Amino acid sequence: MEAFISRKRRRLSPEAQPRLTKRLVEGEDGESTDFKLAILASLHPDKSQDVLLDYLLAYHGSVEQVTEALSAPARDDSPRKRPCATGYQSSLASFAKTRDVKPGTTKVLTKKGKTVHLYAPEDVEAHTPCSIIHNFLRPEEADALLKELLVEAPTFRKDTFQLFDKTVESPHTMRFYVDSSDEAQMQKTEYIYNGSYVPDVTQTTPEMLKVSELVREAVNKEIERRVRDFYPEGKKLQFQSSEGWKPNASFVNCYDGAKESVGYHSDQLTYLGPRAVIGSLSLGVAREFRVRKIVPQVDGSSADTQGQIAIHLPHNSLLVMHAEMQEEWKHAVAPAQTIEPHPVAGNKRLNVTYRCYKAYLHPKYTPRCKCNIPAVLRCVQKRAATRGRYMWMCHSGYTPGQKGCSYFVWAEFDEDGRPPWEQGYSGNCNVPSLQGDKAG
Ligand SMILES: O=C(O)CCC(=O)C(=O)O
Ligand SMILES: [Fe+2]
């Protein structure tokens with residue numbers, strides 16, 4: 001089993017941890033199905049999330065039994081249906097009128113176990129926490145960036161996360177870029193990801209930097225439009241920053257071939273802060289980006305009542321993940337059954353996720369756990385009573401199977417998402433108020 005490397009955990013040694021985890025795969029709040037799916041996706045990158053979920057249900061949640069079943073020779077591996085290829089998607093716009101969505105509400109489109117495919121920007125913004133701009137760059141700009149990234153791609157490595165004493169690999173490769181060499185140095189020696197330093201941080205390339213400015217302008221316009229047209233009373237969300245969005249770091253992902261993917265996750269907020277916005281530029285092969293709303297857990301139940309939405313991401317499209325995304329939804333890039341090769345990228349899809357790291361969330365300021373490691377910032381996503389509250393926790397504490405120090409404090413932020421140590425902090429307002437709660 002290549003994807004499953006057994007290794008003892010060593011913490012805080014830059015040489016010891018060659019990889020990076022920037023995703024929250026599992027938490028304390030009842031999301032074990034996602035975690036199991038992430039493990040299964042890593043072990044069986046050729047199987048779609050749908051198929052893995054079916055197996056998981058059939059084997060009463062036992063990862064071991066699913067793996068055994070899937071590893072057995074000559075089985076029919078599609079208990080329900082085969083995964084969709086992007087080429088077979090149909091646009092919602094041809095079936096339903098979607099423009100009558102009232103501001104401040106996201107119309108529930110999907111039923112449990114179903115996937116709705118969206119192409120049109122107006123469908124995407126009406127039914128998901130994202131907006132999309134097709135043909136974002138001039139064709140020659142997109143090609144220049146794509147060519148630059150294709151040269152970089154062989155240096156990318158697989159993302160990893162810890163499971164007990166094992167390191168599980170994500171079935172695609174990636175690299176982390178920041179905008180200056182000083183920042184890269186600081187990232188390598190001061191920032192902690194999943195309990196470890198990350199040795200491979202590099203400087204943003206010239207084309208990425210040029211495009212970053214265009215992404216900044218477009219994302220700020222999209223945020224403004226989102227707030228005006230979709231948020232209750234046209235107001236930004238609680239904890240959302242009221243400063244302009246300015247990217248200074250990016251994770252660049254490469255999916256080489258139809259089978260490469262990333263499982264359902266939310267991005268880590270530790271350095272982005274609450275209600276983070278991410279600008280995600282896709283180049284090369286078109287793939288399917290799936291999003292799924294996290295359903296609050298009531299009375300111990302964790303059954304999802306909604307299905308997933310697949311957003312078609314063609315070459316040169318900019319997807320904006322808005323402020324409600326990371327706290328309330330999960331996202332994934334599903335394996336495809338077939339892909340259409342791109343004239344420049346061949347079978348590869350390159351994806352740049354532009355992010356805004358907040359200086360005030362540098363680990364020198366954030367709470368430290370009893371192991372003396374800067375804590376990780378998480379948001380309660382499922383448990384109904386505390387849903388929407390933020391907490392600082394020991395990194396090991398949220399890595400299943402790791403013995404952390406069990407450090408936990410509720411995180412305080414003001415209306416604009418500033419922590420108490422930041423200038424201008426105007427008082428704690430950490431009450432759960434996730435968007436859409438009232439709408440049920
Ligand atoms: O490839 C994509 O579009 C999404 C990548 C992603 O989720 C991430 O970098 O966190
Ligand atoms: Fe992500």
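**View 1. The loop around Y191 in the predicted model.** Y191 sits in the loop that connects α6 (181-190) to β7 (201-203), where helices (H or I, at least four residues) and strands (E, at least two) are DSSP runs numbered from the N terminus. With 23 other C-beta atoms within 10 Å, Y191 is buried; the scale behind this word calls a residue buried if 20 or more other C-beta atoms lie within 10 Å of its own, exposed if 12 or fewer, and partly exposed in between, with C-beta atoms placed from the backbone. Once its neighbours within four places in sequence are left aside, Y191 is in contact with V198, Y271 and P363, a contact being a pair of residues whose C-beta atoms, placed from the backbone, lie within 7 Å. Residues are numbered from 1 along each chain as its sequence is written, and chains are lettered from A and ligands numbered from 1 in the order in which they are written.

**View 2. The loop around Y119.** Between β3 (115-118) and α4 (121-127) runs a loop in which Y119 has its place. Y119 is partly exposed, because 19 other C-beta atoms lie within 10 Å. The C-alpha atoms of Y119 and L313 are separated by 8.1 Å, although these residues are 194 apart along the chain.

View 3. The shell around ligand 1 holds 11 residues, of which F251, N253, V333, N351 and T353 come nearest; a residue is near a molecule or strand if its C-beta atom, placed from the backbone, lies within 6 Å of it. Four strands, β8 (249-256), β9 (262-267), β14 (329-333) and β15 (348-355), each supply at least two residues of this shell.

View 4. The strands β8 and β15 run antiparallel and are joined by 8 bridges, pairing being assigned if DSSP finds at least two bridges between two strands. Within this pairing, V252 has V352 of β15 as its bridge partner. Strand β10 (residues 278-284) also runs antiparallel to β15, to which 6 bridges join it, and G284 stands opposite R349 in β15.

**View 5. The nonpolar cores.** The largest nonpolar core has 85 residues, and those with the most contacts inside it are C130, V277, L283, I311 and L319; such a core is a set of buried Ala, Val, Leu, Ile, Met, Phe, Trp, Tyr and Cys residues joined through C-beta atoms within 7 Å. Beyond its neighbours within four places in sequence, V277 is in contact with V219, I223, W245, V320, M321, H322 and A323. Apart from this core lies another, of 7 residues, among them L40, A41, L52 and Y55.

**View 6. The sheet of β16, β17 and β18.** These strands form an open sheet of 3 strands in the order β16-β17-β18, with antiparallel pairing. At the edges stand β16 (376-379) and β18 (408-410), each with a single partner strand, so one side of each is left without a neighbour in the sheet. Neighbouring strands of the sheet are turned by 30° against each other on average, direction ignored, the axes being lines fitted to C-alpha atoms, for helices over the stretch in contact, and angles running from 0 to 180 degrees between N-to-C directions. Strand β16 pairs with β17 (residues 390-393) in the antiparallel sense over 4 bridges, and V376 has M393 of β17 as its bridge partner.

**View 7. Two asparagines with positive phi.** N135, which is not a glycine, has a positive phi of about 45° and lies in the loop between β4 (130-133) and α5 (139-152). N135 counts as exposed, because it has 12 C-beta neighbours inside 10 Å. For N372 phi is near 65°, again a positive value in a residue other than glycine, and N372 lies in the loop between β15 and β16. N372 counts as exposed, with 8 C-beta neighbours inside 10 Å.

Notes:
This is a predicted model: local features need pLDDT of at least 70, side-chain atom pairs count only at pLDDT 80 or more; totals for chains, interfaces and linings use all residues. Two residues are in contact if their C-beta atoms, placed from the backbone, lie within 7 Å.
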